[in-house]
Amino acid sequence: MADTILQEPRTTPPEGTSGGERSSMQWLSCMIRPDSLETVTGALDAIGVGGMTVTDVRGFGRQKGQVEHYRGGEYTIRFLPKVKLEVAVHAQDADQVLTAIQHAARTGQVGDGKVFVTELRNVVRIRTGEKGPSAL
Amino acid sequence: MKLVTCVIRPEMLDAVTNALDKQHVVGVTVTDVRGFGRQKGQVEHYRGGEYTIRFIPKVKLDIVVQDQDVEMVLSTIGKVARTGNIGDGKIFVIDVTNAMRIRTGEKGTSAL
């Protein structure tokens, strides 16, 4: 996928800043377990995802953190360390990427994380100034 | 409103924020991130061994602006953050449905 992008003609106007029309790109923001990072990047690599941004974050979900016992005391760790992965993809690849992330990041236990999908209006490659899907 | 998220070289941060300041962009959130693009990280040589640094340290800037300012922000960052070498980074533009200034409860573009 990533290797063919350069040759692909633009399918939408590069501006995409006016809103209204559907975007041909999507922005996936995923919170995962820090120990799943390698598996997930490996899986994304395997399906040709060409880049991503990783941030160490902390957060909580349904469980509101976990309760730890230490020397007789009970402590609530409210914010659990997580890793946030941000990936920009062509809209037609989004489902495949979501599936790959789910397979790689899933343990079945509480705390596997979530993936949020938003429309990506525009992309600029800073080096060349290319805009739109061809800049992915 | 749009969220302009850009991933740039860490050493470009000052130049980019100064340029945005001149254009009266009033708020920026900066995060130290790591990531990779087309190059899949870089190969370093150290004591005869070859090491691949998969995730390269980058800086991420998050800026929320009104729709009419998006192009100005894109061209400002595009000009200042550019060295012409691989690894200059990318800028992503994402729709923002609403914003609120927490102090006053103002919503929409007046909260920017």
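Predicted model: local features only at pLDDT ≥ 70, side-chain atom pairs only at ≥ 80, totals over all residues.

Me: Let us begin with the fold. How many helices and strands are there in chain B, and in what order do the elements run?

Reply: Chain B has two helices and six strands. Read from the N terminus, the order is β-α-β-β-β-β-α-β.

Me: Which strands of chain B are joined to S5(B), and in what direction do they run?

Reply: Strand pairing is read from the bridges. Strand S1 (residues 2–8) of chain B is joined to S5(B) by seven bridges, and the two run antiparallel. Within this pairing, Lys2(B) has Val65(B) as its bridge partner. Strand S2 (residues 29–36) of chain B is likewise joined to S5(B) by seven bridges in an antiparallel arrangement, and Thr31(B) stands opposite Lys60(B).

Me: Is strand S5 of chain B largely enclosed or open, and why?

Reply: Burial is counted residue by residue. In strand S5 (residues 56–65) of chain B, seven of the 10 residues are buried, so the strand is largely enclosed by the rest of the structure.

Me: Is Val96(B) buried, exposed or partly exposed, and why?

Reply: A residue needs 20 or more other C-beta atoms within 10 Å to count as buried, and 12 or fewer to count as exposed. Val96(B) is partly exposed because it has 16 such atoms within 10 Å. This residue lies in the segment after S6 of chain B. Leaving aside residues up to four places away in sequence, Val96(B) touches Met1(B), Lys2(B), Leu3(B) and Val64(B).

Me: Turning to chain A, how does one check the length of helix H2?

Reply: The expected span is compared with the distance between the end C-alpha atoms. At 1.5 Å a residue, the 12 residues of helix H2 (residues 94–105) of chain A should span 16 Å, and the end C-alpha atoms are 16 Å apart, which agrees.

Me: Which residues of H2(A) are buried, and where do they fall around the axis?

Reply: Val97(A), Ile101(A) and Ala105(A) are buried in H2(A). Viewed down the axis of H2(A), the buried residues fall within an arc of 50°, so they line one face of the helix. On the other side of H2(A), Asp95(A), Thr99(A) and His103(A) are exposed. The cover over the buried residues includes strand S1 (25–32), helix H1 (37–46), strand S5 (80–90) and S6 of chain A.

Me: Finally, how many residues of each chain are in contact, and which element of chain A gives the most?

Reply: An interface is read from each side in turn. In this model, 23 residues of chain A are in contact with 30 residues of chain B. S6(A) gives the most to the chain A side, with eight residues. That side divides into 10 nonpolar, nine polar and four charged residues. Five bridges join S6(A) to strand S6 (residues 90–95) of chain B, and these strands run antiparallel. In this pairing Asn122(A) stands opposite Val93(B).

Definitions and conventions:
Residues numbered from 1 in each chain as written. Chains lettered and ligands numbered in written order. Contact = placed C-beta atoms within 7 Å. Helix = DSSP H or I, 4+ residues; strand = E, 2+ residues; numbered from the N terminus. Nonpolar A, V, L, I, M, F, W, Y, C, P; charged D, E, K, R; others polar. Pairing = 2+ DSSP bridges. Expected span 1.5 Å × (residues − 1). Arc of directions from axis to C-beta.
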